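Let's take a walk through this structure together. Have the sequence handy as you read.

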Amino acid sequence: MKNRLKVLRAERDWTQADLADRLDVSRQAVNAIERSKYDPSLPLAFAIARLFDMTIEEIFDDGHENG
Amino acid sequence: MTDMKMAEKTASNSKHRHVLRTMFLLSAAVGIAIVAAVTLLNRSLPGEPPAFSPSAGLFVVLGGLLGFAAVMAFYMRRTDEHDMIANLWGLSIGYLFFAGTAPVWWMLHHSGLVGPVNFWAVYIASALVASGVWGWMRFR
């Protein structure tokens, strides 16, 4: 699933390790999510959205139009 | 269960990540040492009495099972969802490899094409397949 995690992280000048610490996951998990190799669970997606003060839909794009 | 509690359950605390790695390396070292010791000590030939007493054998087995259960409980509490899913895939494919290899080897043996099934070889190969899948999903 496409997402804006890398851009959002870069805007805050965070490393993958910084973001992993904030989300309480491994750096490899952040890397896998950023590269769309792994889709986070709903609780982790909510935690990501909360961290960036955004909605899940603003960060993740499943390719379907809302409507 | 709230989102935060679910996240806490599925996520790991980075402060404990090195503890987890150290614990697994230590467990592997202890396991290899025990297997090596058991293999070297158990040199009794067929027909001779076994090298280990029943109580010693039970002690090793129970110690191993309890240690394994403790390591797994610790791991499940500390790991994150990405690692856990990599593990589930690794273990599933490792099991399928085992379940597929053993009967194929058995059939080929009974067709006179290969020697008898070596279940230790299949077991070790399955563990290597599981580890490989886990590593690929974890670090790709």
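## A first look at the fold

Chain A has 5 helices and 2 strands. Keep in mind that this is a predicted model. Going along the sequence, the order in chain A is β-α-α-α-α-α-β.

What holds the inside together? In soluble globular proteins, nonpolar side chains tend to be buried together. Here the largest nonpolar core has 14 residues, and A20(A), L23(A), V25(A), A29(A), V30(A), I33(A) and I48(A) have the most contacts inside it.

| Helix of chain A | Residue range |
|---|---|
| α2 | residues 16-23 |
| α3 | residues 27-34 |
| α4 | residues 42-51 |

The largest share, 4 residues, comes from α3(A). Take V30(A): beyond its neighbours within four places in sequence, V30(A) touches Q16(A), L19(A), A20(A) and V25(A).

Apart from this core lies another one, of 5 residues, including A86(B), A130(B), V133(B) and M137(B).

Now for a helix in chain B. Helix α3 of chain B (residues 54-78) has 25 residues, which at 1.5 Å a residue should span 36 Å, and its end C-alpha atoms are 36 Å apart, which agrees. Is α3(B) tucked away or in the open? The number of its 25 residues that are buried is 0, so α3(B) lies largely in the open.

Note on methods:
Residues are numbered from 1 along each chain as its sequence is written. Chains are lettered from A and ligands numbered from 1 in the order in which they are written. This is a predicted model: local features need pLDDT of at least 70, side-chain atom pairs count only at pLDDT 80 or more; totals for chains, interfaces and linings use all residues. The expected span of a helix is 1.5 Å times one less than its number of residues. A residue is buried if 20 or more other C-beta atoms lie within 10 Å of its own, exposed if 12 or fewer, and partly exposed in between; C-beta atoms are placed from the backbone. A nonpolar core is a set of buried Ala, Val, Leu, Ile, Met, Phe, Trp, Tyr and Cys residues joined through C-beta atoms within 7 Å. Two residues are in contact if their C-beta atoms, placed from the backbone, lie within 7 Å.
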